[in-house]
Amino acid sequence: MIVLKTAEEIEIMRRAGRIAAMTLDMVGESIEAGMTTAQIDMLVEDFIRSHGAIPAFKNYQGYPASACVSIDDEVVHGIPGRRVIHEGEIVSVDVGTIVDKFYGDSARTYAIGPISADKKRLMDTTQKSLQAAIDKARKGNRLGQISAAVQQIAEREGFGVVRQLVGHGIGRKMHEEPQVPNFGSAHDGPELEVGMVLAIEPMINLGTYDVKTMPDGWTIVTADGRPSAHFEHTVAITEDGPEILTVA
Ligand code: MF3
Ligand code: CO
């Protein structure tokens, strides 16, 4: 069952989303070569709490941190720790917030200093695929139009669209129905309605779409070891079209 949100509930989700976006802005200003992924996590947790929100990921199904920090071939769910960030790497940071029981969820991939042309094209294409997907988040469209928009933009660059992880509905729970795949037919899925709120999150690989889980039980990496990018926004479907809630 897809839970529709009232205008009042979307107003609360705007607050959660705004704090998530401000957190990622802060990460963008702070992240640099020489930092550890645990330092990023500390900055994220302090920032979220000092803005009156709760870090949504902390202890979620046993997840031990407030941010996911995923470097290069790590796709998502990288657990922060002693790993040092280096120049030339791309680092995906995913954060979640809770405000008045409602969730916000957003992710961005950051370039650390100069990066290869391939990584740059991967990041740009992933961001572009998210924007194209958001533009399909309109009442009367099918959910599959969101999925197909991502897939088309990623695959025409020759990139792999991750199949094993998907976006999701979001509200009083971080993961609600429907699932939001980044691949599939534009004719599939439920019709979009005003009041739906979706976390749209393309995970795009430079090489194969195939991924595997590391022995820590969380970190997802590409099967071929090539880099991956991830951008995510929480988006409400309104009478006037898509509204990105995760903006500062
Ligand atoms: N954006 C991710 C998701 O929607 C974040 C979950 S990380 C977890 O699945 F640690 F909280 F699980
Ligand atoms: Co998400």
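1. Q61 is found in the loop between β1 and β2 (strands are DSSP runs of E with at least two residues, helices runs of H or I with at least four, numbered from the N terminus). With a relative accessibility of 64%, Q61 counts as exposed (exposed is over 50% relative accessible area, buried under 20%, partly exposed in between, with a 1.4 Å probe and protein chains only). Q61 is not a glycine, yet its phi is positive, at about 45 degrees. Most residues other than glycine have a negative phi, and most peptide bonds are trans.

2. The model is predicted: local features need pLDDT of at least 70 and side-chain atom pairs pLDDT 80 or more, while totals for chains, interfaces and linings use all residues. Residues are numbered from 1 along each chain as written, chains are lettered from A and ligands numbered from 1 in the order written, and side-chain values use heavy atoms, without hydrogens and water.

3. D100 is not a glycine, and its phi is positive, near 45 degrees. Its relative accessible area is 47%, so D100 is partly exposed.

4. There is also a cis peptide bond, between E177 and P178, with omega about 0 degrees. P178 belongs to strand β8, which covers residues 176-180.

5. Which residues form the aromatic pair, and how are their rings arranged? The structure has one such pair (ring centres of Phe, Tyr or Trp, the last by its six-membered ring, within 6.5 Å; planes under 30 degrees apart are stacked, over 60 edge-to-face, the rest tilted). The partners are Y63 and W218, with ring centres 4.9 Å apart and planes at 80 degrees, so the pair is edge-to-face. Y63 is in the loop between β1 (54-55) and β2 (67-71), and W218 is in the loop between β11 (211-213) and β12, so the pair ties together parts 155 residues apart in sequence. Y63 counts as buried because its relative accessibility is 2%.

6. H168 in strand β7 (residues 167-169) and E232 in the loop between β13 (228-230) and β14 (233-238) link distant parts of the chain, 64 residues apart. H168 counts as buried because its relative accessibility is 5%, and E232 counts as buried because its value is 0%.

7. T222 lies in strand β12 (residues 220-222). It counts as buried because its relative accessibility is 2%. Beyond neighbours within four places in sequence, T222 is in contact with residues including D73, V75, N205 and S228 (contact means heavy atoms within 4.5 Å). The side chain of T222 reaches the backbone nitrogen of G225 at 3.2 Å.

8. S92 is placed in strand β4 (residues 90-99), and is buried because its relative accessible area is 3%. Its side chain makes a polar contact of 2.8 Å with the side chain of T109 (N or O atoms within 3.5 Å; within protein, one must be able to donate a hydrogen and the other to accept it, and residues adjacent in sequence count only if both atoms are side-chain atoms). Leaving aside neighbours within four places in sequence, the contacts of S92 include V75 and S228.

9. D118 lies in helix α3 (residues 117-135). It is partly exposed because its relative accessible area is 34%. Not counting residues up to four places away in sequence, D118 touches L206 and R226.
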